[in-house]
Structures are given as C-alpha cells and as structure tokens.
Amino acid sequence: MKVVESGYKIDLHIHSVCSRAKDKGKVAFNTIDNIGVLAEKLNANGVQMCAITDHDAFGFDMYKALKAYENDEQCSVIKVFPGIEFTVEFIGGNGPTVLHVIAVFNDEDEAKVAKIADCLVDDKGKTVYDKNDAFSEEKFLSILRSIDLDTVLIVHQKSSLTSSRPYKNDAKTVGEEKFQEFVYTDYFEAFEFKNRKNEVFNKNFLNAQDLTEDIRFITGSDCHDWQYYPKETEKDNTDFVYTYVKCLPCFRGLVMAITDHRRIKTVNSFFNPTETYTKSLQITIDGEAYEIPLSRGINVIIGDNSIGKSLLLHKLTEYRKQQDGPLNKSVVRGYDKYLKKHNIEIGTTIPAAEVFAFDMQGEIRDKFEQQKIKSDDFLSPYYPAPIKSGAYKEKIQRKLNVIFAFLEEKYALELLEAQLGRFKILDEDIEQAESISFVGSVSKNNRRVEGYNNISGDLDNVVEEIETIMESPWLEQDDRKQLEYIIKQLYSMSIRYEKKKKRAERENTKIALFQNAVSKFKQKYQSSVSDRQKKLSTYSESIDNAAEAIASIIRRREKLTVPDFCIEKETIQIQTERVHDYEFNSRLGITEIDEEYVKGLFASEMKKGTKKTVLEMSQDELSERLSYYTGAPSEALNELKTRIQEKLDDDLANKFTITQAGKDRTQELSSGLDAQIYFDILSYEVNHDGMYIIDQPEDNISQKAVRDYLLDRFKIMGEHRQVLMVTHRPQFIVNLDVDNVIFIGKDDDRIYIQSGALEYRDADYNILDIISDHIEGGLDTLRRRWKRYEKNASV
C-alpha cells in the first residue's frame, strides 16, 4: 500500500494486567490468556491501529500476543504499536503536578522493543521512580533516551480545555504558563480526551484562542477490563468516540497524522465519498510498466527541471488546456517528440468531464491581470447577471441631445451672423432701375428630413428591444399579448414617419430643381444687361437676402431656449452574490445619475480653471477651453460629443469585481489578493466534482501567503476533491502533508518513477529522502516539520 485510501480507526490507550501495580484488580482479567477476547472486541468495533499502554510498565509478551493478530484476515487490527503510560511529575505554576503521558514507540526494531521493560526497572526489578510513584521530567526523558526508539507522546486532557475544574492528571493542572510551554514547544504530539461532549468545547476553545494548528486531540478508551471494551470498566457510562487518522498503517504514518490536526478526525471523512477520481496512472518507460496509485486527496509531481512534469499534466488531459484554446501545436509536437525520444507511453487519459479545473503555470495571475475573471470558466458562474444600463443611458442621452442641439443651433447662428457681411448703400434711384432681383428665399429643409428619420429609427429600435424581451421564457402570456399590441402600434407610427420623411425628401428635390433653374436663368439674364443694371440687381438682391437672413436669425433666436443640466436623480444598485468571505459584484462604472453627473461629463473635458459652462461658451471659446484639442473651432463640438459619448459608454459599461464582504463594493481588491480569492473559492467549492489540476501554484503567490493561508486552503480542497499538482516548493509537499508524491527521476538517460505517501518507504526508496535530496530547501523544511524538544523522534 503506497497511498491512503481511507482513515484508520485507532485506540492507543488500552491496559493489561501489567498495570496491576497501580490498577490492582481492575485489570485482573486482562491476561495474555485472554488476549483473544481483546482481539474480538477490537474487531467488533473495527479498530485497525492500537497499542497496549500500561502504567509505567511494558509487557513484551503481551505486546507480541496482540501483534500476532496483525496477519489475521478475520481481525480488523492491522498495526499494533508498543507503548507505555508514564506517570510524570512536572513543575508548573501550581507546583509539582503529576500527569499521565502515553508514549507510543516505533515497532520496526524488535530487539529494542524487547528491551523497553529493562529501561523501566533497576537490577532488582523495581520501577525506577524518583518522585514517589512518579518519574521526574528529567528521569522520564532519560528513560526515553535509553529506550532509543522514535516516540509519539500523548498527554491526558480528559476534561475540556475550558473546564474550570480539570480531572486529576490532566495537562491543564500544571498551570497556564507550563501548559503554554507544552503547546508552543510541541512537547506533546497530541492531547487525549475520552468523552464525546468535550470535543465541541475543545474545538471552540482552539478556534477562539487560534490554537487549531498547535494542539491536536485524539481519543483513547482507557479500557481496564477487556470484557467490556471499549468501556473502561463495567460501570463506565462515558460517551466514547473513536479517533480516525489519515496515514499509512506504520509508525511513521502515525507521526504524520498526530502532528497535523487535519489528519485526525472523529469521523472517517478525510475524502469525499461521492467524488469522481482517477485511481491510478498507467505509464510505460522503455518497456517497463508503472501503475502509479493516486490518492483521492492531494497528489504532487516533483522532479528535476525539464524532466516532463508539465508534459505529464497536458498529456493526461490530451493537450486540451490553454488559456485561449487548445495547446499550441508546436508545443504539442515538442511534447510528443520528447515522449518518443525517451520511449514513454502514457496510457491514462482524464476525460474533460472529470476535470474540475486546470490552471497552467502562471495562468491564475494572468486571469486577473488581463481582466479575464468574468470569462473564466470557474469564476463566471458566481457573478450576478449584468445590469441593464439602457434605461439610464437613454435618460442621460436625451439630456445630452438637448444640450448638443442647443449648441449646434447656437454656433450655426453665430456663423450666420458672421456671414451677413457689409455692403455700401447706393445713391441711385433703385425704384427706376431696369433690373430683376433674384432672391433664393426658397431653400431645402434638411432638418425636417433628419427629424422624421430619427423618429422612425428610434421607433424601430424600441420594437427590437421589446421583441428581445418577448424572447424571454419568463414573460407571462398576458404581458406577451400586451407587448404584441404595442409593437403593432409602434410599427404603424414608424411607417407614418417614414412616409413623412420621404415626402420631405421629395419636396427638397423639387426645391433643388427650382433653385437650379433660377440660377441658370440669372446667369443668362446678367449676360444681356448693362453693368449698371447688374450692379443695381446685385444690390437689390443683397438687400433682400440680408433682410431675409436677419429675419431668419431673429426667428431662430426667439425659438432658442437655453437648456439646463437637470435630470432626475437615480441610484444604480450594485448586484451582488455572496460567496464565502467574498462578494461577486456586477456594477456599472457609476452608482448614480443626477445633475452633477451630467455637468461632470462636460467639465471633465475642459481645461483646469475653466469657469464658464459649455452652455455659455461661443464656438471659439469651446475650441480654446477643450483640453488637449488642437483642431479647427468648427470641429470642437464634434470632438466634445465623441469624448462625452466614450465616457458615457465606459461609465455605463458593466464591470465585474470581487470584494471582501463588508468592504466598499465599488473598489476592487488589490492585485496581491487575486490568487488568494481564487484559491479560497476553489477550496470551498463542493457543487462541482472532478480533479483540480495545477502547475506550480507557487508562481502565483508569495512565500508569506503560502505559509499564512494557502496550505490550509489546499488541505480543505483535498477533503473535497482529488488534486494533481506540479510543484518545486517543499512547503507544498511537507507542510501541506500531501497524500501522495510522484517523483520523476533520471539516471543517466533512463527516466524512472517512484511514488507513495510522505511516510512511504520500502527496500528501494524513501519518499522523505527523495524530497530531501531533490527539492531545494527540502531538508530544512523536513527538519522544521519534525522538530521535537529533548525527545527522540527523528523520522
């Protein structure tokens, strides 16, 4: 067995007759002749890993008798450890205090195990107590050193950590200062409790004190009479709950479990039982077939650079994955060439339907930096629907149209006034002049054509919008009929104004023909009259044209009304979906529209210090005050229109952001939190199954962030789904307590694969040694992971 497939039920606190010195008749039944009774009880309760831990004593024969059941297919027990329950006096704030400490030893060196009892007694067979019926702390540590076996220490804490009156011999009886020393020096690998009700109190205490990572709890039956196992005695009414550990059934595995709180549970729920997962990888290298078992939790691929780790991820998924489509063909050709060169065949394919997500190297960072968070397959379902901005835009656009129409008319009148010109009053008697005056008083009305065309077009747009609404499956039947009637009415209006437009266009065509005829007649006429007649005729035309122009300007000015910037104030609600500690927001670039917003559209395009509003400016003033404008004055208004339209479009475009709950939802989180958001949501997602594949998560996040939160997120993720990861960082292997390591190595030109849980080792290799030898910083990380104070635990 190379990987853990399920948690193992344990009981490391069982007494035998060897405890009679302190327990007297309570353990009288628990003799070697009755070891079968204990085995039957353990089997009936499904216990898989256990230890007989007698008070300050060790019975090697008793240990061997129970260990014989490891190979019995009819018994659930698959691992028996040697152990002792030590009585140790510690000096704390409350003075000398006696604690009960369970020591579980490595069972691999049977010769040393056989000599454990000798380390507890003197030449006369008397227990070497130095504090009445207890060992001093120094004596206790001295005995551990003389036993010379790797050790796991578990201290009693039968009452809850919140109890004001702890049981005798509980760890909390030493006083707060000494207890804190136990915790922060990792003096004990775990604290033992028995009663189920204390579990909740202990968890609440750990969460409140932020000690979840520092204190591990396990349970032990403390059985003194095997006939009533798992009760302590016949009269025991304690609501006992077993502990499950996630590890291989070996001492090293036990150490791995006891030193990580996520590997210890009172329910066997380390992996998602309904999760789709890949059981193994089939790979052949130079004719040698490898079947690499995969854990249902976290699997990491490690190895030297350019050894083919990323290639393996892509080949397993049939080269499907890249940010913007299939993997680049040249990259695929390179990968296939590498496989052919090294005679490698990968027989396993992970179907697309069984891949929850696949993040390539650096891809998470790119998702946020390139603003792909809304289109990302994983993140997009969390966002609320886009906000319909059309109504807001139409409201503002109407006001802008009024303002722009005013400015166009104002500047047109300015131009007409400038074009009136000057001419000299003649002294001749104009009444007697033999001349004909030609006044072009009949002109085309292009504004009318444009107006009718706009109405018709706008009505057509409204019809299109209503038809879009009618496509919704949520629209009620009565409302659908009402909208059909409205469409008919609007369509009828559109046709009517389209006809008006065509009539106006025909009138303009006639006027144009008339003006052309008059112009030709004028040219012929002037070619046949005297110079005086031409002069008088031109003068008369100028007088008439000027009068008509002035009258037209006056009439148009009387109709010209200065608009304002006022529109009814309206708040634009941000749409939000709460996802764990984050809010996924659909919003526009602005949160309200009002008079100030409309003013701001214009003011934002003016040079600093401009005091006049655009409504007060002449065309030349607008050209002068428009920021970064160097064009002709006649084009300044068109430039202003374009800029404001672009700003309006941007302000009313949907924006998708992620914010922390309770923060200003109009402000995005800093880029440094992007990967944290992503991994947070990934770790809690349980509605979609499938494997999560990621290539080098360390590329997306800082060392501090890895330590502070990311490892915990991956541990949570590993309980929900299968994870396959490539990494070069030792923290992602050792501190993450991964469930499986796949090492791809190279010996000369031969590529080979070794795999197993962190605690796995056999005659050929040791996973922890592989990490130490092939991952930069791996040895230092391992040393920190296994640090113990004055105890022998060098696994």
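The legends below walk through a predicted model, one close-up at a time.

**Before you look: how the values were made.** Local features need pLDDT of at least 70 and side-chain atom pairs count only at pLDDT 80 or more, while totals for chains, interfaces and linings use all residues. Residues are numbered from 1 along each chain as its sequence is written, and side-chain values use heavy atoms, with hydrogens and water left out.

**View 1. The whole chain.** Start with the overall picture: the protein chain has 22 helices and 24 strands. Helices (H or I, at least four residues) and strands (E, at least two) are DSSP runs, numbered from the N terminus. Of the 795 residues, 49% are buried; here buried means under 20% relative accessible area, exposed means over 50%, and partly exposed is in between (1.4 Å probe, protein chains only). Take the contacts between residues at least 6 apart in sequence: 74% of them join residues at least 24 apart. A contact means heavy atoms within 4.5 Å. The accessible surface comes to about 40400 Å², and carbon and sulfur atoms account for 47% of that. Accessible areas come from the Shrake-Rupley method with a 1.4 Å probe; for residues, only the protein chains shown count as cover.

**View 2. Helix α6 and its buried face.** Lys178, Phe179, Phe182 and Val183 are the buried residues of α6. Looking down the helix axis, these residues fall within an arc of 145 degrees, so they line one face of α6. That arc is taken from the directions from the helix axis to the C-beta atoms. Their cover includes β3 (79-92), β4 (95-105), α5 and β7 (190-193). Over on the other side of α6, you'll find Glu177 and Tyr184 exposed. After the helix comes Asp186, with a positive phi near 55 degrees.

View 3. Side chains of opposite charge can pair when their charged atoms come close. In this view Lys178 and Glu137 form a salt bridge, with their closest N and O atoms 3.7 Å apart. The term salt bridge is used for a side-chain nitrogen of Lys or Arg within 4 Å of a carboxyl oxygen of Asp or Glu. A search of the whole structure turns up 39 of these salt bridges. The partners here sit 41 residues apart, Lys178 in helix α6 (residues 176-184) and Glu137 in helix α5 (residues 137-147). Lys178 is buried at a relative accessible area of 10%, and Glu137 is buried at 14%.

**View 4. Arg448 meets Glu507.** Here the salt bridge spans 2.5 Å from N to O. It links Arg448 in helix α13 (residues 446-470) to Glu507 in helix α14 (residues 477-526), 59 residues apart. Arg448 is partly exposed at 30% relative accessibility, and Glu507 is partly exposed at 38%.

View 5. The side chains of Arg262 and Glu719 form a salt bridge at 3.7 Å, N to O. Arg262 lies in the loop between α8 (251-258) and β10 (264-265) and Glu719 in helix α20 (residues 703-720), so the pair ties together parts 457 residues apart in sequence. Both Arg262 and Glu719 are buried. Salt bridges with shared partners join Arg262, Lys265, Asp680, Asp712, Arg713 and Glu719 into one network.
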